[in-house]
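Colleague: Hi! I'm new to this one. Could you show it to me and talk me through it?

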Amino acid sequence: MRVYFYATFREIVGSKYIDLELADGITVKRLLDRVLLDHPGLRPEMLDAEGALSKHVHIFVNGRGCVFLERGLDTPISASHDRVDFFPAVAGG
């Protein structure tokens, strides 16, 4: 599965995307766990003090915000068909 990163996440990962070998049906949460295992520098940027996903992190599955998915982080994804993007909060003005 190709997983895409933006802004500061891209800087930490060192690439626009990473390719992971994952089983179909893995949840967004398990994907997040794998990403953080492979790229521990993302942990302080993505998780809050309690270890939960920071409200400033946006995960999109096929262009749809994870917070709007019926099962949220427990949404199963297809490693062969779905696209996942990780965005930090970005401010502008």
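Modeller: Happy to. One term to begin with: on a 1 Å grid over the protein atoms alone, a pocket is an open set of points where a 1.4 Å probe fits, with protein on both sides within 12 Å along at least five of seven lines, and lining residues have an atom within 4 Å of a point. This is a predicted model, so local features need pLDDT of at least 70 and side-chain atom pairs count only at pLDDT 80 or more, while totals for chains, interfaces and linings use all residues. Residues are numbered from 1 along each chain as its sequence is written, and side-chain values use heavy atoms, with hydrogens and water left out.

Colleague: Thanks! Which residues lie nearest the centre of the largest pocket?

Modeller: Val57, His58, Ile59, Cys66 and Val67 do, out of 13 lining residues. Strand β4, residues 57-61, supplies the largest share of that lining, with four residues. Strands here are DSSP runs of E with at least two residues, and helices are runs of H or I with at least four, numbered from the N terminus.

Colleague: And how much space lies in the largest pocket?

Modeller: About 170 Å³, where a volume is the space filled by probe spheres set on the grid points, which are joined across faces, edges and corners.

Colleague: Back to β4. Which strands does it pair with?

Modeller: Two strands pair if DSSP finds at least two bridges between them. β4 and β7 are antiparallel, with five bridges, and β4 also runs antiparallel to β5 (residues 64-65), joined by two bridges. Phe60 shows both sides: Asp85 in β7 stands opposite Phe60, and Gly65 is the bridge partner of Phe60 in β5.

Colleague: What order do the strands of the open sheet come in?

Modeller: The five strands go β2-β1-β7-β4-β5, with mixed pairing. β2 (17-19) and β5 are the edge strands, each pairing on one side only.

Colleague: Which face of β4 is covered, and which is uncovered?

Modeller: Val57, Ile59 and Val61 make up the covered face, while His58 and Phe60 are on the uncovered one.

Colleague: New topic: the largest nonpolar core. Which members touch the most others?

Modeller: Phe5, Leu31, Met46 and Phe86, among 26 residues. The elements giving two or more residues to this core are β1 (2-5), α1 (7-13), α2 (28-38), β4 and β7 (84-88), and α2 gives the most, five. A nonpolar core is a set of buried (under 20% relative accessible area, 1.4 Å probe, protein chains only) Ala, Val, Leu, Ile, Met, Phe, Trp, Tyr and Cys residues joined through side-chain atoms within 4.5 Å.

Colleague: What does Phe86 touch?

Modeller: Leaving out residues up to four places away in sequence, its contacts (heavy atoms within 4.5 Å) include Phe5, Phe9, Leu31, Met46, His58 and Ile59.

Technical notes
Buried means under 20% relative accessible area, exposed over 50%, partly exposed in between (1.4 Å probe, protein chains only).
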